[in-house]
Amino acid sequence: MLEAALSQTLYGLSYGLLLFMLASGLTLIFSMMGVLNFAHASFYMLGAYFGYQFSVWMGFWPALLISPALLFIIGAAVERWGLRRVHQWGHVPELLFTFGLSYIIVELVQVIWGRTAVAYRVPAELDGPVAWLQGLGITFPQYRLFMMAVAVGMLAALWLGLARTRLGLVIQAALAHPQQVEALGHNVPRVFMLVFGTGAALAGLAGVVGGNAFVTEPAMAGTVGAIVFVVIVVGGLGSLAGAFIASVLIGLLESFGKVSDLSGARVLGWLGMSVAPDHALQPLLALSLSQVAPVLPYLLLVLVLIVRPKGLLGTREG
Amino acid sequence: MHAPRELRFRPLNLGRWLVWGLTALLFVLLPLAFRQGFALTLMSQMGIMIIFALSYNMLLGQSGMLSFGHAVYSGLGAFFAIHAMRAIAGGTLAWPVSLLPLIAGAGAALCGVVLGFLTTRRAGTPFAMITLGIGEMVFAAALMFPELFGGEGGITGDRTSGPPFGGISSLTFGPQIQVYALIAAWCFACMIAMYALTQTPLGRIANAVRDNPERAEFIGYNAQRVRWLMLILSSFFAGIAGGLSAINFEIVVTAENVSAARSGGVLLAAFIGGAAFFFGPILGAVVFTFFAVALSEYTKAWQLYLGVSFVLLVMFAPGGLSSLLLMNLRALKFRKFGRLRDPYVGVLAAAAGMALGGAMLIELTYHVTLDAGQGSVLSLFGFPMDTNAAGPWAFAATVLLSSLAAFAFYQRGFRRTWEAIQQEIENSVRDNPA
């Protein structure tokens, strides 16, 4: 029982960290440029497909480096020749631009790689369960552990880069007072381009790492995209710490929800009540938690909206 | 002294009567001009989409709410309608089929009351994200109750099951032309109702909330409540569109009617037409349905074309087609269009070349990846082409690159003339106010 719970916790944590890899890039871009990048999950999907293609051509490890680099270039190009042009018309056209972009990327992916899932596999070196956890009675794939390590490493690098480097300080300053920073002689549009490219590269890295842990298919952007938006709203718009808490929360919710057979009927059973099979609410009460697992993140969203519309750690309304 | 008589100046608004009269005439004349079954299906779907896109624009254009989950309301409305239709067939509900959209609209509005309360708690970007999340939630939840939503297969109904319309035994909504008439009538009524709504105090205060919520709050309006009210009304009309689609197709499927793709579709339609004008979404709905129904008959890549046109519009004409149209009409009215004619010829010819070359490349690639099983030869614009030969690829690339170069050359002159003309018009409007 305890082992199963620990293993589910690890699964949930690894999924949550992957979500946070996406949410952090999205939050960074949003709080800096005010742009909600609708195509962020599409970058994640592109990362996964690039990861698949390059690991077919030259193996997983080069792919791990090349795909994020390519996505950095794509992201920077999108900012330079697309977003910067739309920027003059305000935030809604910016959002719509990235929305249209996500539409195009899904189609392009289908043109190039087909409409079904591709066989993007975990590298042979990392296949199989973790030995020392197995000794403790917990079966947990090595690759998931690697995924967590990549996420933590990436986040540490991001934090160091933002807090400890000169460029990071310029970025933070441009976040708060863009005009002031521009007056000091920094090229703020170029900083924006850099941030957007970095955000895309982070999403790409998440894609390379997550694509083979889950499924690499054209629908992946849609499924993950909605969840990442939920993460950001639940955590509080523009708050990295909030996004972290929300990601882990949703990751755990998913992994525990999936294996639980708790249902309304069972809860009533504990209270000594039973539901007649022809009762009007029977279909609702008979649903087990594992069946409603896909809806759980959204229910969390609804709950947070009712109790705390700003989000867990959000500070601003708009 | 008696109280001064209240003076009112209410001229007959001839222009408005003319526009609405012509619209009604168009609805009547269209099926006479296009008699084929396909045209009728297309026009029926256009009518449904017009209502849906207009209801969407009540949010986007009039209240400044960018929603990514509007299909929830049309989809749930469609489910209300199809269940009511089954109840009519089963004899448990006495209600004419022609008024089914009313049930759908009321049901959708009810959903709007509940879900809208959640979504409209935030405005702006959070609203967009929340609607996306709520949309996904409703979609996933609907799949969990196959008894109610029919699961993967959907729920079917029979539109001819009710009593005939007006007691005339041949008017049972069996033939498509009768369905078209029903849709046209509802579409016309909804257009008038939604236009009338823009003229009411609520419609006006929604514009104020869109432009400056803080000021609207200072003059005593609760911005959140205004957004909520607009969303409820908008979901009512979306529900009518959903109800009509239930009558039109006689089947409602969760994966289609409540999907994120449909929410995205209505957003594209409204924006392509132009959210700033009332008639914009009508134009957009016609164009979008043409893409989705007519073009999808010819090519699998229609969504790619739609996405590319959408992104180009966002980048270069964020006002949509209607604003492009009006700007050109204005140039015409100020007798400056002649100067634009020659630049237009160059730019449009180059753009057509780009579209041709690009479309050829896309079609060839699509054929290679998706239809490889059907051999290497495809028919493109009536010409057979072999994807294994270098010729078609080279031709397409040449057309694309040369017209790209031509476009880069011509667009400079066009832009200069265009900007000069718009500036001149603005100056003359400012100097001689009407």
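This is a predicted model: local features need pLDDT of at least 70, side-chain atom pairs count only at pLDDT 80 or more; totals for chains, interfaces and linings use all residues.
On the chain B side, 36 residues are in contact with chain A, and on the chain A side 38 residues are in contact with chain B.

Next, colour the helices of chain B that supply at least two residues each to that side: H5 (124-144), H12 (260-273), H14 (302-316) and H16 (337-370). Which of the helices gives the most to the side of chain B that touches chain A? Select H5(B): this helix gives 14 residues, the most of any element there.

Keep the side of chain B that touches chain A selected and colour by residue class. There are 25 nonpolar residues, along with seven polar and four charged ones.

Chain B has 17 helices and four strands. Along the principal axes, its C-alpha atoms fill a box of roughly 75 × 65 × 45 Å. Buried residues make up 41% of chain B. Of the contacts in chain B with a separation of 6 or more, 77% are between residues 24 or more positions apart.

Select 16-308 for domain 1 and 334-431 for domain 2. Taken over C-alpha atoms, the centres of these two domains of chain B are 34 Å apart. How many residues of domain 1 of chain B are in contact with domain 2 of chain B? Four residues of domain 1 are in contact with four residues of domain 2. The domain 1 side of this contact has two nonpolar residues, one polar residue and one charged residue.

For the last stop, go to helix H7 of chain B, residues 176-199, and select Trp186(B) within it. Is Trp186(B) buried or exposed? Trp186(B) is buried, because 24 other C-beta atoms lie within 10 Å, and the cut-off for a buried residue is 20 or more. To see its contacts, leave aside the neighbours within four places in sequence and select Ile51(B), Pro101(B), Ile240(B) and Leu244(B). Trp186(B) is in contact with each of these four residues.

How values were computed: Residues are numbered from 1 along each chain as its sequence is written. Chains are lettered from A and ligands numbered from 1 in the order in which they are written. Domain bounds come from an automatic or database domain assignment. Two residues are in contact if their C-beta atoms, placed from the backbone, lie within 7 Å. Ala, Val, Leu, Ile, Met, Phe, Trp, Tyr, Cys and Pro count as nonpolar, Asp, Glu, Lys and Arg as charged, and the others, Gly among them, as polar. A residue is buried if 20 or more other C-beta atoms lie within 10 Å of its own, exposed if 12 or fewer, and partly exposed in between; C-beta atoms are placed from the backbone.
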